[in-house]
Amino acid sequence: MAKTPYVNLGLSTLVKQGFRASLEGKITLHDNIERHIPLDDDVAMRFRDFPIKIQGITIFMFCLQGSIDIKLSFQNYRLKKNDIFIVQSGQLGEFNGMSKDVQFFFLFVHNDFSDPLTHINDSQKLQDLLFRGPLHHCDDRQMEEFRSIYDAIHEKIDGQWIYRDEVIRGYIYALLYSIYSLSYAESQEKATQAESVASQGAKGRQMDIYNSFISLVQKHAGQEHKTAFYADKLCITPKYLSQIIYNVSGRFAKDFIKESLVMESKALLKSGLSIQTVCDMLNFGSPSFFGRFFKEATGFTPFEYQTKE
């Protein structure tokens with residue numbers, strides 16, 4: 001099967017006034033710190049209800065003021081002052097708006113240049129922490145440090161430096177280790193607030209299953225639509241899986257599978273593919289069955305959604 005044609009730079013398409021700096025195929029920087037980027041309602045509305053699957057990059061988002069609303073992996077997040085948000089390759093995201101006074105800087109790190117979540121020590125611990133919570137908070141001093149690293153990367157991109165790529169990779173690792181420290185401190189604080197070791201152990205096991213399930217849904221929902229597939233992958237029964245997912249989230253496993261499938265459908269329809277091609281890629285038996293599924297979930301036929309402004 002051909003590679004899924006999702007938007008390659010994901011959230012970088014939210015504002016199309018241009019990047020601050022870029023090394024094609026390696027890293028892209030975008031911000032509105034020293035230049036005015038109009039963020040009117042038309043820009044915000046254009047990307048609402050437009051899911052994007054992040055492919056081949058890791059996105060670091062830093063909010064200096066104002067707010068940014070994002071849906072990622074079935075959860076809604078609001079970024080505020082001194083918040084940091086990390087989007088990993090393979091995750092489905094949806095932009096839900098931003099305030100007019102928002103100030104931000106983003107880094108889009110292409111994984112073929114440097115996969116920051118796999119090529120550092122303790123990478124598995126880091127990925128587990130970041131997957132459990134992509135939103136992190138820091139103080140003014142820490143945010144100023146992150147901004148200094150961002151500016152240093154920009155300086156290296158614009159200049160002619162020996163070992164430029166290696167230096168930039170070092171800055172990326174510095175960012176990630178600093179965020180890891182924040183995330184680890186947050187996780188330790190939450191752990192100390194547990195009522196008892198026993199209850200925390202049970203809750204921890206359920207959260208592990210929940211996180212593994214969400215990760216599997218993001219990878220396989222386009223092809224696998226049944227709860228039994230995910231339960232088999234996790235070596236538990238479908239009934240037990242649904243019970244755990246409901247205990248953790250208040251929703252059933254099938255609801256997450258359906259939501260992911262709807263978001264994948266929207267992203268593919270907006271990519272310009274034919275409805276028949278989308279139907280085939282998402283493993284629906286026929287266009288009419290896909291049409292009924294999509295209409296029931298969104299209120300639009302695939303054609304109506306694909307052609308609506």
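**Exercise 1. Find the strand that pairs with β1 (residues 21-23), and follow its other partner**.

*Step 1.* Strand β1 (residues 21-23) pairs with β2 in the antiparallel sense, over three bridges. Here two strands pair if DSSP finds at least two bridges between them. Helices (H or I, at least four residues) and strands (E, at least two) are DSSP runs, numbered from the N terminus. Residue numbers start from 1 along each chain as its sequence is written. Please keep in mind that this is a predicted model: local features need pLDDT of at least 70, side-chain atom pairs count only at pLDDT 80 or more, totals for chains, interfaces and linings use all residues, and side-chain values use heavy atoms, with hydrogens and water left out.

*Step 2.* Look across from S22: its bridge partner in β2 is T28. The hairpin of β1 and β2 has three residues between the strands, and G25 takes a positive phi near 80° there.

*Step 3.* Now turn to β9 (residues 103-110), which pairs with β2 in the antiparallel sense over five bridges. I27 has V109 as its bridge partner in β9.

**Exercise 2. Why is strand β2 (residues 27-31) described as largely enclosed?**

*Step 1.* Recall the rule: buried means under 20% relative accessible area, exposed over 50%, and partly exposed in between (1.4 Å probe, protein chains only).

*Step 2.* In a regular strand the side chains alternate between the two faces of the sheet. Check each face of β2: I27, L29 and D31 are buried on one side, and T28 and H30 are buried on the other.

*Step 3.* Five of the five residues of β2 are buried, so the strand is largely enclosed by the rest of the structure.

**Exercise 3. Work out the strand order of the open four-stranded sheet, then find the helix that packs on it**.

*Step 1.* The order is β3-β8-β5-β6, with antiparallel pairing. At the edges are β3 (52-53) and β6 (75-79), each of which pairs on one side only.

*Step 2.* Strand β5 (residues 68-72) is joined to β6 by five bridges, and the two run antiparallel. Opposite K71 stands N76 in β6.

*Step 3.* The helix is α8 (residues 253-270), which touches β3, β5 and β8 (92-98). Contact means heavy atoms within 4.5 Å. The direction of α8 makes about 75° with that of β8; axes are lines fitted to C-alpha atoms, for helices over the stretch in contact, and angles run from 0 to 180 degrees between N-to-C directions.

**Exercise 4. Which side chains form salt bridges with E259?**

*Step 1.* A salt bridge is a side-chain nitrogen of Lys or Arg within 4 Å of a carboxyl oxygen of Asp or Glu. By this rule the count comes to eight.

*Step 2.* One partner of E259 is K71, at 2.6 Å from N to O. This pair links distant parts of the chain, since E259 is in helix α8 and K71 in strand β5, 188 residues apart.

*Step 3.* R251 also forms a salt bridge with E259, the closest N and O atoms being 2.6 Å apart. E259 is buried, with a relative accessible area of 15%, whereas R251 is partly exposed at 26%.

*Step 4.* For another example, D69 and R78 meet in a salt bridge of 2.7 Å, N to O. D69 is buried at 16% relative accessible area, while R78 is partly exposed at 46%. There is also a network of salt bridges that links K26, R164 and D165.
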